[in-house]
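Hi,

Here is the structure I promised to pass on. Have a look at it first, and then read on for what turned up.

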Amino acid sequence: MALTSVTGWRWVAAAGRFSAASRLTDRLCQAAHVLHLLQIQSFAVSVQTLCAIAVERYFAICKPLKTRITNRKVSLTILIIWLIATIIALPAAIFIVMERTFRSLELANYLTHCKFMVDDLFHQIYHLTLVVTLYVVPMLTMGVFYTIISHHLWHVKVPGVSVRSKMRSK
């Protein structure tokens, strides 16, 4: 009996000759639901936190006097990050069901696996959504903000530097 996750992990459990083999596979399939949710959710939280850090660094470096970070803003940002990550991960946990491999009840108790039970179109749309929300958008967001930051640090004159250089030349 094997459990295969959305991301390609393979879970193997030996049911053996236990009379409770079907209950074991049911438990493993339920555990797979939680593991899928936690795996995708933790990845989404990590990526979104890196994006939030990039935005925060932009405001701290490029607009240091115009914005203030408060505990309320930080708490709201963390809450939004976790909500978005949970919403992104829910389909992976909801649409996993246990499938019996053989028609024979005797063999079906021992040979079952968990499967992502949706049609191919939804499966492709879900994975495309994961790629866009967890790879493309964060890379663009961090790339844009860190490019602006590096441009600001290299090309914008720091206040007070030009005054000091004029005073030295006199």
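Predicted model: local features only at pLDDT ≥ 70, side-chain atom pairs only at ≥ 80, totals over all residues.

Let's start with helix α4, which covers residues 120-155. With 36 residues at 1.5 Å each by that rule, α4 should span 52 Å, and its end C-alpha atoms lie 50 Å apart, so the two values agree. The helix does have a bend, of about 35°, at V132. Its buried residues are Y126, L130, L134, P138, M142 and I149.

Helix α2 can be checked in the same way. It has 24 residues, and its first and last C-alpha atoms are 34 Å apart, close to the expected 34 Å. Here too there is a kink, about 30° at I88, shortly before the proline P91. The buried residues of α2 are I81, A85, I88, A89, P91, A92 and A93.

Where do these helices come together? The largest nonpolar core has eleven residues: I40, A44, V45, I81, A85, I88, A89, A92, Y126, L130 and L134. Two or more residues each come from α1 (21-62), α2 (71-94) and α4. The biggest contribution is from α2, with five residues.

Now for the chain as a whole. The protein chain holds five helices and four strands, and along the sequence they follow the pattern β-β-α-α-β-α-β-α-α. Of its 170 residues, 25% count as buried. The chain exposes about 12,200 Å², with carbon and sulfur atoms supplying 67% of that area. Among contacts between residues at least 6 apart in sequence, 70% join residues at least 24 apart.

One last item comes from a database record. An unreviewed UniProt entry lists residues 76-98 and 125-149 under "transmembrane region". In the model, residues 125-149 are 100% helix and 0% strand, and the end C-alpha atoms of this stretch are 34 Å apart.

Happy viewing, and best wishes

Note on methods: Residues numbered from 1 in each chain as written. Heavy atoms only, no water. Expected span 1.5 Å × (residues − 1). Bend = angle between axes of the 7 residues up to and from the residue. Buried < 20%, exposed > 50% of the residue type's maximum accessible area, 1.4 Å probe, protein only. Core = buried A, V, L, I, M, F, W, Y, C linked by side-chain atoms within 4.5 Å. Contact = heavy atoms within 4.5 Å. Areas by Shrake-Rupley, 256 points an atom, 1.4 Å probe, with all protein chains shown as cover. UniProt positions renumbered as here; feature names shortened; annotations may be inferred.
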